[in-house]
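Please open the structure in a viewer and keep the selection tool at hand.

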Amino acid sequence: MFATRIVRPATQFSGHVRRYATESTTKSGGSNTLLYGALGAAAIGGGYYAFAGTKDPVAVAKDTAASVKSGAAVPSASAEKVFRGGDQGFISLALDSVENINHNTKKFRFKFEDPEAVSGLNVASAILTKYKGPEMQKPAIRPYTPTSDEDEKGFIDLVVKKYPDGPMSTHFHDMEPGQRLDFKGPITKYQWETNKHNHIALIAGGTGITPMYQLARQIFKNPDDKTKVTLVFGNITEEDILLKREFEDLEQKFPQRFRAFYVLDQPPEKWQQGKGHITKDLLKTVIPGPKEENVKIFVCGPPGLYKAISGGKKSPADQGELAGYLQELGYSKDQVFKF
């Protein structure tokens, strides 16, 4: 199992594991394979490993600023905002396209009436969807976090996993381009500000990855934001890892500030990263410690993940008490946010 194979000897290396995100490195590195391989080697015979370094951070910032300027997702103060909150009711949007991601997940693009309009969402926030089928007594209302950039013009993208007993997700997967769905928002979850924290950890399971991606994308598209980010993402199979390509891109561009750890319950034969579930020992080894300055831990996933990692929320407005591994590791309630 992952916890015994890798983490048991890792206490002597935990400082090195965290150092990638708190100190600069000087050699070029790569992927989580390097990290897990190094920890595995340490388990066998002890020793030392170092993360490799990277592009000059000034050059990275310049490249990022240039890409923001040249890309489609450019903030515009004059652009119409589709979702304005307040007393704005549900609005109807037409489904533009559907993309298959895996056996039970699709990406849905909904277009705005004004092709120059932006969503109006802030980070981190979600939107509500509403659907009432002919045999339903009450409409199904579910929150989703778009995966498209908040400054993209003309559309929003939603990544939706189909659940057998989920009326909204089933409706999504039955939809065809041209059909319409009702939306409302934004529903603000956590108000991010540039450099609000020195280092954040994103602990996610399944489709709980979408608000994590929204937050990470906002941080790394802003050349003035120097926040360091660690992602711990648990899934059943490799196919279930949503947005992996996008996170790998961030890891390549910002190796001194971003690192992702993937854990699979049913890994393929040659899988070289985490196996089983996200454990307390893994979190102790890879995320910023509770005594580090200005850290924040974000959690999102199915009920079982909340129970194990942080304890659940009482309501959307009440975070509830901190419990689970994070409480056992010494984090305070103020250091943790549950999406």
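In which strand is the place of P186? Select P186: its place is in strand β6 (residues 180–188); strands (E, at least two residues) and helices (H or I, at least four residues) are DSSP runs, numbered from the N terminus. This is a predicted model, in which local features need pLDDT of at least 70 and side-chain atom pairs count only at pLDDT 80 or more, while totals for chains, interfaces and linings use all residues. Residues are numbered from 1 along each chain as its sequence is written, and side-chain values use heavy atoms, with hydrogens and water left out.

The peptide bond that joins G185 and P186 is cis, with omega about -5°. A further cis bond runs from V123 to A124, with omega near 0°; A124 is in the loop between β2 and β3 (125–131). As background, most peptide bonds are trans, and most residues other than glycine have a negative phi.

Select N195 next, in the loop between β6 and β7 (199–205). Although N195 is not a glycine, its phi is positive, at about 60°. N195 has a relative accessible area of 36% and is partly exposed (buried means under 20%, exposed over 50%, partly exposed in between, with a 1.4 Å probe and protein chains only). Then move to L243, in the loop between β8 (228–235) and α7. L243 also is not a glycine and has a positive phi of about 60°, but L243 is buried, at 12% relative accessible area.

**Aromatic pairs**

A search of the whole structure finds 15 aromatic pairs. Rings of Phe, Tyr and Trp (its six-membered ring) pair if their centres lie within 6.5 Å; planes under 30 degrees apart count as stacked, over 60 as edge-to-face and the rest as tilted.

Select F108 and F172. Their ring centres are 5.1 Å apart and their planes stand at 55°, so this pair is tilted. F108 belongs to strand β2 (residues 105–111) and F172 to helix α5 (residues 167–174), so the pair ties together parts that are 64 residues apart in sequence. Both F108 and F172 are buried.

F110 and F172 form an edge-to-face pair, with 6.1 Å from centre to centre and 85° between the planes. This pair links distant parts of the chain, 62 residues apart, with F110 in strand β2 and F172 in helix α5. F110 is buried, as is F172. To display the cluster that ring pairs link together, select F83, F108, F110, Y144, F172 and F183.

**Charges over rings**

A charge sits over a ring if NZ of Lys or CZ of Arg is within 6 Å of the ring centre and within 35 degrees of the ring normal. Select K130 and F90: the charged end of K130 sits over the ring of F90, 4.4 Å from its centre. Then select K196 and Y190, where K196 lies over the face of Y190 at 4.3 Å from the ring centre.

Select residues 209–221, which form helix α6. How many of the 13 residues of α6 are buried? Twelve are, so α6 is largely enclosed by the rest of the structure. Among these buried residues are M212, Y213, L215 and F220.

Finish at P255, in the loop between α7 (244–253) and β9 (258–264). P255 counts as buried, at 14% relative accessibility. The C-alpha atoms of P255 and K228 are separated by 9.9 Å, and the two residues are 27 residues apart along the chain.

Notes
The expected span of a helix is 1.5 Å times one less than its number of residues.
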